[in-house]
Amino acid sequence: MNNHPNNRQERIFKIFTPVRCMNRDQLPRYVQGNMTEVEKHLVEQHLVDCDLCCAAVLALQDLRHHEPFERYSTELSNFLHREYAPPPKVQKKQHRTQQYARAKDGLLSSFWVVMFIVIGGGSVFLLRQHLKNRPALMILPAKASDAVALQTPAVHMDSNYHEEPTGKPGISRAPVAAVAHRDTIRKATPLRNDSAAAVKKIIKDTIKHKPPTDTAARTVAKTPPPAPKTPDTAQKEPPKVAAKEEKPKEPAPEPAEEKEKEKETPKPSTPTVSGDESLFRAAMQYQQQGNINEAIDQFRKLSSNYKYSERAKYQLALCYRVKGQNGKARRLLKEIVKMEGNMKDKAQAQLDNMN
Amino acid sequence: MHLLLNNLSDKELLYRIRKLEDREAAGVLLDRYSHLLVAACLPRLNQEQRAEVVFPAITQQLYARFQFLYGKVNQAVHTLVLNYFATGSALHTTPYEPRHAQAVQHLEARVEHAGTNPIERETLARQLEAALEKLDATERKLITQFYIEHHSLRELARIHNSTAEKIRNQLSKAKKKLAAQIDGPGL
């Protein structure tokens, strides 16, 4: 049987087949000879390779070592179990997770408090901004009588200026602002009234007709409230308000009746603006609103005036350029350049741009 | 966890100690060899080298040795015990295995990897037979009687009129020669 080739091959591999060291049970059994032949041969195969097991077997062959071996091996095993025991990781982990959860909760709560404060503050700020900038129509119901009373003269003014282009002598002339929106702000500010005769027209000049926008709302808010009305006006007021409420957004000039009514209502804060200046402003207004033809008419009228001719020609040239009549615009700009006034540089710049 | 670690081989436990710094795995490995350590140390214990001092010191040194150990644990334990009692409590390490020990380990790995692959096994068996033929007649006879005919060490000692320890040493030397022949550069 031992000479069988397959069996021999299997057994020849056993020369280099590693066998485990003897365990705690096998070592005394091998020394005492309490093993089967197969197990004994396996142990001896290992003993050939293992110096440690061989030393242990040799040591245990001395009977004096049996008792200390049992004692020391047990003690050493217990010592190793205690010394190399795993640390109580679970408790530490739980503790850590609790700490982590607490820290996380604290962070989250503080985050939400901060977010609440930021959102609350932001909403209050936005609400304030909204209340400041809310449209005029939102204010109208509260101060309907004031708004109506103030908006009406603007209508008159525009219609008036077609009829009275030239200014009256003796009226103080305030400097005219070139920029349009500046004009609107200035128009809103009350000016001193020099003479009782100019009061009505100045009112017409200062308060212009505008579509109900935010700026309009601001101007309405800034204008001082009308003076206490006379008994006559008080009597006439209800129908007037009713008439105004019927057409609150109408931008077109109002009929002459309203003009008369407006003249009757005294305005304490009437600005002092000359006729030419107001004409110039009205023309600028038309230009801004896109009513180029009207603006051209107004500027033409003003171009004959010595004081306003340069500015009026300049604006006229701009109007012509907008309309596409570049030839006229160029001619006017060249005239301005020849005049060598304040607007020369601007006119030259515009000419350069057009070229 | 301890029970699971008990089922792992020495290599796997060493891997855990090296890579994961698993102190529990080191405890399991030390416990696996503790009885052999005690038995090997017993003849050397005396009044100066008391068990209470020797065993904790050796286990501590072994734990340090396991951190960078790749070879066999039993050899490392035996070497450390010899060094401890020869030169005191200083830590001694053998970074390089002797060549014949490496050859034995390589051959054992080849046999293990061959598994049930008939081609590989046939090749390896032919090499082993060839190397066996090159050995001395006494060594060849000893190996044949021990590994193939399954005689025990005591029987062989009786046959050859020697002691079991001497027979064991002869077998060990013959095995290393065999491994060196197969694992050598010529083959």
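Start by selecting B:Glu120, which is partly exposed, with 14 other C-beta atoms within 10 Å. Partly exposed sits between buried (20 or more other C-beta atoms within 10 Å of the residue's own) and exposed (12 or fewer), with C-beta atoms placed from the backbone.

Before moving on, note that this is a predicted model, in which local features need pLDDT of at least 70, side-chain atom pairs count only at pLDDT 80 or more, and totals for chains, interfaces and linings use all residues. Residues are numbered from 1 along each chain as its sequence is written, while chains are lettered from A and ligands numbered from 1 in the order in which they are written.

Now show the cartoon around your residue: B:Glu120 belongs to helix α7 of chain B. Helices here are DSSP runs of H or I with at least four residues, strands are runs of E with at least two, and both are numbered from the N terminus.

Next, color chain B by pLDDT, the predictor's confidence in each residue, from 0 to 100. The mean for chain B is 86, and 92% of its residues reach 70 or more.

Bring in chain A. Here 41 residues of chain B are in contact with 41 residues of chain A, contact meaning that C-beta atoms, placed from the backbone, lie within 7 Å. Which helix of chain B gives the most to the side that touches chain A? Select α3(B), which supplies 13 residues. That side of chain B divides into 23 nonpolar, 10 polar and 8 charged residues. Nonpolar covers Ala, Val, Leu, Ile, Met, Phe, Trp, Tyr, Cys and Pro; charged covers Asp, Glu, Lys and Arg; the others, Gly among them, are polar.

Finally, hide chain B. Chain A has 18 helices and 0 strands, and buried residues make up 32% of its 355 residues. Select α14 (residues 275-289) and α15 (residues 292-303) of chain A: their axes come within 7 Å and cross at roughly 155 degrees. Axes are lines fitted to C-alpha atoms, for helices over the stretch in contact, with angles from 0 to 180 degrees between N-to-C directions. So α14(A) is roughly antiparallel to α15(A), a label for angles over 145 degrees. Show side chains where they meet, including A:Phe280 and A:Tyr286 in α14(A), and A:Phe299 and A:Leu302 in α15(A).

Terms used: Contact = placed C-beta atoms within 7 Å. Parallel < 35°, antiparallel > 145°, perpendicular 65-115°, else oblique.
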